[in-house]
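Work through the exercises below with the sequence and the structure side by side. Try each task before reading its solution.

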Amino acid sequence: FPFPYTPYRIQEQFMEALYGALEAGRVGIFESPTGTGKSLSLICGALSWLRDWEEKRRQEEARLLALGASGQDGLTPQQARPGSADTAGEPDWVTAFVQKKEERDMVDRLKEEQLRRKKREDRLEKIRHNVQLKYVAKRKRCEEDEAKRLLQLSKEALSQGAGEGVLDQLDHNEEELILAEYESDDEKKVVSGLEDDDDDLEEEHVTKIYYCSRTHSQLSQFVREVQKSPFGKDTRLVSLGSRQNLCVNEEVRRLGALQLINDRCMEMQKNKHEKKSDEENEGKKRRVSRTVCPFYSYEQMQFLRDEVLVEVKDIEQLVSLGRETKACPYYGSRFAIPAAQLVVLPYHMLLHEPTRNAAGIKLKDQVVIIDEAHNLIDTITCIHSAEVSGSQLCCAHSQLSQYMERYRKRLKAKNLMYIKQILYLLERFVAMLGGNVNQNPGCQAVSQTGTVLKSINDFLFQSQIDNINLFKVQRYCEKSLISRKLFGFVERYGGPASAVKTNKENQKLAGLQNFLLTLQQGSDKEGTSQSPPVEAEHDHLRAASPLMQIEGFLLALTNANQDGRVILNRQGTVGQSSLKFLLLNPAVHFAKVVEECRAVIIAGGTMQPVADFREQLLCCAGVDPARVVEFSCGHVIPPENILPIILCSGPSNQQLEFTYQTRDLPQMMDETGRILCNLCNVIPGGVVCFFPSYEYEKQVYGHWEKTGLLCRLAAKKKIFQEPKKANQVEQVLVEYAKCIKRCSQTGGQMTGALLLSVVGGKMSEGINFSDDLGRCVIMVGMPYPNIKSPELQEKMTWLDKTMPRAAGQAPSRVLIENLCMKAVNQSIGRAIRHQKDFASILLLDHRYARPAIFNKLPQWIRERTQVKPAFGSAFAELRK
């Protein structure tokens with residue numbers, strides 16, 4: 001395997017196993033501890049396979065074409081077996097003719113493909129070497145801009161002379177709020193092709209690798225690794241992202257919320273296509289021209305596509321290129337998908353089928369690599385779950401009925417029918433929460449509070465909506481863009497800023513406006529205290545069109561009955577109550593991916609415990625167990641660089657067991673403090689201590705403050721606490737690192753810093769405590785999830801019903817243990833980041849020594865773990 005430096009032995013093993021899995025078309029679960037160069041191994045292993053695969057294809061094509069050219073029969077032995085045709089009752093010559101024709105077609109197809117590929121390679125080659133092309137394109141853009149400006153000026157000059165025309169136009173502007181005539185799919189057998197004449201659009205999808213990870217920063221990091229790798233020069237790579245990350249139209253970017261950006265963008269495109277058809281119907285009354293996006297230009301986006309394919313670019317480079325070339329990076333990058341060899345994209349774009357189809361991602365026979373996949377099951381569950389609050393339901397109902405009243409005369413019957421159905425749904429949903437849709441949700445108290453779980457069918461029957469075809473309603477919402485129209489309507493008439501002429505209708509609207517404000521005050525308990533109320537109200541009106549949320553919930557209700565549950569959460573008032581859809585079976589949404597792909601690789605730093613991937617995800621998705629391969633490699637550090645200890649009791653022989661019952665006892669908190677004091681005396685640099693929850697961390701901290709233990713700790717280490725707000729994390733980390741550096745240089749009484757963190761919080765994932773930042777990681781107790789949460793209980797019941805018992809343990813019990821150990825493994829893996837790093841890991845709880853739990857530690861940590869019944873010997877080891 002080509003590699004930028006001499007690879008570690010485990011990297012070679014990783015790449016060999018990966019290559020094998022891709023070649024054999026397997027589903028692989030790959031574990032390689034962070035700090036072992038996993039990204040590079042993935043890149044070099046997968047791209048080596050791709051290169052060999054392309055080479056093999058080329059040779060095979062060349063062979064077939066040669067045969068075709070020489071007019072020989074390229075018949076394989078089994079095709080040419082005599083008498084094979086008689087079985088179908090056809091004479092031999094017919095069969096032979098058909099076979100010949102198939103071969104000829106195949107040869108023609110290969111020739112065409114070759115031609116296409118040649119054309120594409122020539123084009124990219126030309127761009128690589130031809131700087132002139134770029135300048136021509138640039139000059140053309142400048143001229144176009146100039147022409148546009150002059151046109152604009154002349155328009156303005158004209159309009160100043162025509163004052164009366166302007167008034168007429170204002171009313172026209174309302175046109176875009178009215179729903180277009182809607183035909184359902186059954187009626188619309190003929191779909192008009194928009195730009196079918198362009199053969200470039202239907203480009204073949206070459207065999208490629210889809211690489212996805214969780215966050216945009218992880219993806220950027222991956223792209224930079226590709227740039228550094230031996231494949232950096234000649235790989236066609238494209239990065240996909242959300243419009244939030246890729247949009248270069250400032251006006252749209254300013255909307256802030258993803259949903260709004262998406263809708264605004266879609267609307268501008270729709271305008272573009274309508275404009276085309278308007279110009280053709282010149283004879284009919286011309287519509288007013290509406291805004292289209294200046295960056296959505298086909299030519300410029302093709303130019304951008306080629307630039308992207310010529311040289312590997314990450315998201316930031318893509319955006320700046322888009323700004324410079326005046327081309328939309330979001331769509332330009334999509335144009336590059338068919339020809340790309342490596343497509344880098346965030347999780348949800350790949351795992352959520354509607355998003356996948358919208359982006360033009362075709363998985364048939366492709367390779368998918370899902371990195372950072374330790375949370376894959378939760379991720380799929382989250383992407384497909386949805387929640388709506390009572391206040392959103394009431395608000396949407398109010399907005400939609402106002403909308404219907406205002407435009408009743410202008411709306412076609414089909415539209416009215418669907419709007420009435422949606423209104424009815426909203427009314428029934430609110431009734432299910434125990435409220436009335438026509439009263440202020442903030443003032444209606446709920447009689448029976450609490451949480452109720454229902455199967456989808458029960459929910460549909462009890463809310464009396466089982467006679468409505470949700471699939472059709474959902475498709476209507478999607479196609480008619482009703483939530484977008486509604487948002488525009490509320491934006492125009494609902495905002496406090498817009499002064500509207502008062503007539504009967506507008507008095508109704510003023511009611512709507514006041515209603516929206518009461519909602520605002522009801523629902524944003526936190527929001528109003530921080531900002532002056534008026535601004536908050538205005539922001540709220542801009543930020544959320546409640547119907548968009550509700551569409552997500554309707555879509556969720558179309559899942560199969562056994563795969564999910566509806567949770568009715570009744571709290572205080574109707575406004576605070578909510579309906580939530582919970583997906584129980586993530587496999588249904590993953591099955592499509594596994595079926596279509598040639599191979600799927602699920603990779604992560606710590607994938608232990610692996611069993612739940614096998615059972616909940618792959619078996620349920622119908623993957624043949626023989627197709628699944630597992631690979632786990634050790635760490636690159638020498639064994640003596642890590643000291644994991646399970647500590648069963650503290651300095652005063654108090655047994656360490658942090659259960660819900662015992663962890664609040666003062667003696668437990670004192671013992672934890674004593675352990676930390678002792679450790680901080682001997683451990684240099686940074687110590688990171690993980691607590692199971694924010695609440696417990698706060699409680700312990702308060703207790704230590706009272707007993708004076710905090711002062712003793714603070715003499716040796718400066719104490720930092722993980723902030724609850726995400727935007728403060730960076731600052732705390734910077735301070736923490738500065739303090740450690742300062743202490744190591746000055747060498748006084750203070751030896752470093754102590755960071756109190758929370759499992760599953762901001763610090764336990766994706767942040768590296770390398771070298772002096774983490775010389776010791778301490779885990780206080782076992783971070784079991786809250787077993788009382790109705791959602792978890794439902795998942796447990798579901799697992800017990802649908803999964804086989806494993807090794808005498810109930811699946812629900814295994815789930816709880818797995819969730820706990822996944823969290824532990826994520827947190828403790830943060831300390832070792834490279835070959836020369838060293839750290840000690842301390843697990844405070846005697847329950848870690850139980851075989852079932854112990855075996856769920858990552859192999860490279862498990863092999864080196866010592867169980868210490870007493871504190872003395874553990875302390876001696878740590879000292880050394």
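The exercises go from the whole chain to single residues.

The model is predicted, so local features need pLDDT of at least 70 and side-chain atom pairs count only at pLDDT 80 or more, while totals for chains, interfaces and linings use all residues. Residues are numbered from 1 along each chain as its sequence is written, and side-chain values use heavy atoms, with hydrogens and water left out.

**Exercise 1. The whole protein**

Task: State how many helices and strands the protein has, and what share of its residues is buried.

Solution. Begin with the DSSP runs, numbered from the N terminus: helices are H or I runs of at least four residues, and strands are E runs of at least two. There are 36 helices and 18 strands. Next, apply the burial cut-offs: buried is under 20% relative accessible area, exposed is over 50%, and partly exposed is in between (1.4 Å probe, protein chains only). Of the 880 residues, 50% count as buried. Then take contacts, meaning heavy atoms within 4.5 Å. Among contacts with a separation of 6 or more, 81% are between residues 24 or more positions apart. Last, the accessible surface (Shrake-Rupley method, 1.4 Å probe, with only the protein chains shown as cover for residues) comes to about 41900 Å², and 52% of that belongs to carbon and sulfur atoms.

**Exercise 2. Salt bridges**

Task: Find the salt bridge partner of K724, and decide whether the two residues are buried or exposed.

Solution. Side chains of opposite charge can pair when their charged atoms come close. The rule used here asks for a side-chain nitrogen of Lys or Arg within 4 Å of a carboxyl oxygen of Asp or Glu. The structure holds 26 such bridges. K724 pairs with E695, with 4.0 Å between the closest N and O atoms. This pair links distant parts of the chain, 29 residues apart: K724 is in the loop between strand 14 (717-721) and helix 31 (729-746), and E695 is in helix 29 (residues 694-707). Both K724 and E695 are exposed. For contrast, look at D306 and R305, whose side chains meet at 3.1 Å, N to O; both of these residues are buried. Finally, K38, D371 and E372 are linked in a network of salt bridges.

**Exercise 3. Helix 32**

Task: Compare the span of helix 32 with its expected span, and list what covers its buried residues.

Solution. The expected span is 1.5 Å times one less than the number of residues. Helix 32 (residues 790-802) has 13 residues and reaches 18 Å from its first C-alpha to its last, close to the 18 Å expected. Its buried residues are L792, E794, K795, M796, W798 and L799. Their cover includes strand 7 (450-455), strand 8 (564-571), strand 9 (573-583), helix 27 (611-619) and helix 33 (811-828).

**Exercise 4. Cysteines**

Solution. A disulfide needs a pair of cysteine sulfur atoms within 2.5 Å. The sulfur atoms of C743 and C739 are 4.1 Å apart, so they are too far for a bond. C743 is buried, with a relative accessible area of 8%. Repeat the check for C619: its closest cysteine sulfur, in C620, is 7.0 Å away, again too far for a bond. C619 is partly exposed, at 44% relative accessibility. The count of disulfides comes to 0.

**Exercise 5. Aromatic rings and a buried phenylalanine**

Task: Describe the pair formed by Y211 and F222, then list the contacts of F459.

Solution. Rings of Phe, Tyr and Trp (its six-membered ring) pair if their centres lie within 6.5 Å; planes under 30 degrees apart are stacked, over 60 edge-to-face, and the rest tilted. The structure holds 19 aromatic pairs. Y211 and F222 are stacked, at 3.5 Å centre to centre and 5° between the planes. Y211 is in strand 2 (residues 209-213) and F222 in helix 7 (residues 216-228), 11 residues apart. Y211 is buried at 3% relative accessible area, and F222 is buried at 3%.

Now turn to F459, in helix 19 (residues 456-462). F459 is buried, at 0% relative accessibility. Leaving aside neighbours within four places in sequence, F459 is in contact with F429, M432, K454, F553, L557, V566, L568 and L579. The C-alpha atoms of F459 and L557 are separated by 9.3 Å, and the two residues lie 98 residues apart along the chain.
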